[in-house]
Amino acid sequence: MTGIEELLLSRIRDVQDYPEPGVVFKDITPLLADPAAFTALTDALAEISVRSGATKIVGLEARGFILGAPVAVRAGLGFIPVRKAGKLPGATLGQTYDLEYGSAEIEVHAEDLSADDRVMVVDDVLATGGTAEASLQLIRRAGARVAGVAVLMELGFLGGRARLESALDGAPLEALLKV
């Protein structure tokens with residue numbers, strides 16, 4: 001295990017039985033409260049983004065906003081929020097995706113992305129991959145290219161990487177931690 005992995009893991013708190021019995025929630029708020037850990041995380045995600053040739057960072061609502069915005073600033077790139085449907089003003093492009101029970105929709109301001117853009121998706125956790133997969137579809141529908149997906153933590157037992165494989169179309173998926 002590397003020094004950054006040890007630092008990040010040491011600042012992630014397990015919360016038993018949240019949001020429901022039997023679930024162990026990975027709480028990143030202690031990491032965000034620690035300037036050294038948050039800076040290390042931001043630097044690592046920025047380095048991945050720059051290495052991938054990204055021109056924009058997409059942050060997925062809501063914790064992807066917290067991580068993606070400072071990554072964009074550190075990497076010298078633009079930041080684009082991908083929000084739940086109905087939260088962005090003006091004309092949007094939407095993408096529906098399936099949840100365990102029902103469906104959800106995310107949106108982006110399509111004019112914020114162009115054919116010249118290579119977009120890195122940043123989020124805190126890759127779980128089942130549904131939101132990330134929808135974001136990749138949305139980015140391509142907006143006319144941009146996918147540079148990759150970068151997350152703090154991958155919950156491998158939920159199969160998100162396998163679900164994203166075809167949607168990534170060869171772009172990298174990088175997780176700083178694998179749980």
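Two strands pair if DSSP finds at least two bridges between them; strands (E, at least two residues) and helices (H or I, at least four) are DSSP runs, numbered from the N terminus. This is a predicted model, in which local features need pLDDT of at least 70 and side-chain atom pairs count only at pLDDT 80 or more, while totals for chains, interfaces and linings use all residues. Residues are numbered from 1 along each chain as its sequence is written, and side-chain values use heavy atoms, with hydrogens and water left out.

**Strands**
- Four residues lie between the strands of the β5 and β6 hairpin, where Gly102 has a positive phi near 105°.
- β6 (residues 103-108) also runs antiparallel to β4 (residues 78-84), with two bridges; Lys84 faces Ile106 of β6.

**Helix α5**
- The twelve residues of α5 (130-141) should span 16 Å at 1.5 Å a residue, and the 17 Å between its end C-alpha atoms agrees; the expected span is 1.5 Å times one less than the number of residues.
- Gly143, which follows α5, has a positive phi near 100°.

**Nonpolar cores**
- A nonpolar core is a set of buried Ala, Val, Leu, Ile, Met, Phe, Trp, Tyr and Cys residues joined through side-chain atoms within 4.5 Å.
- The largest has 28 residues, and Val58, Leu113, Leu136 and Ile139 touch the most other members.
- α5 supplies the largest share of this core, five residues.
- A second, separate core has 26 residues, including Leu8 and Ala75.

How values were computed. Buried means under 20% relative accessible area, exposed over 50%, partly exposed in between (1.4 Å probe, protein chains only).
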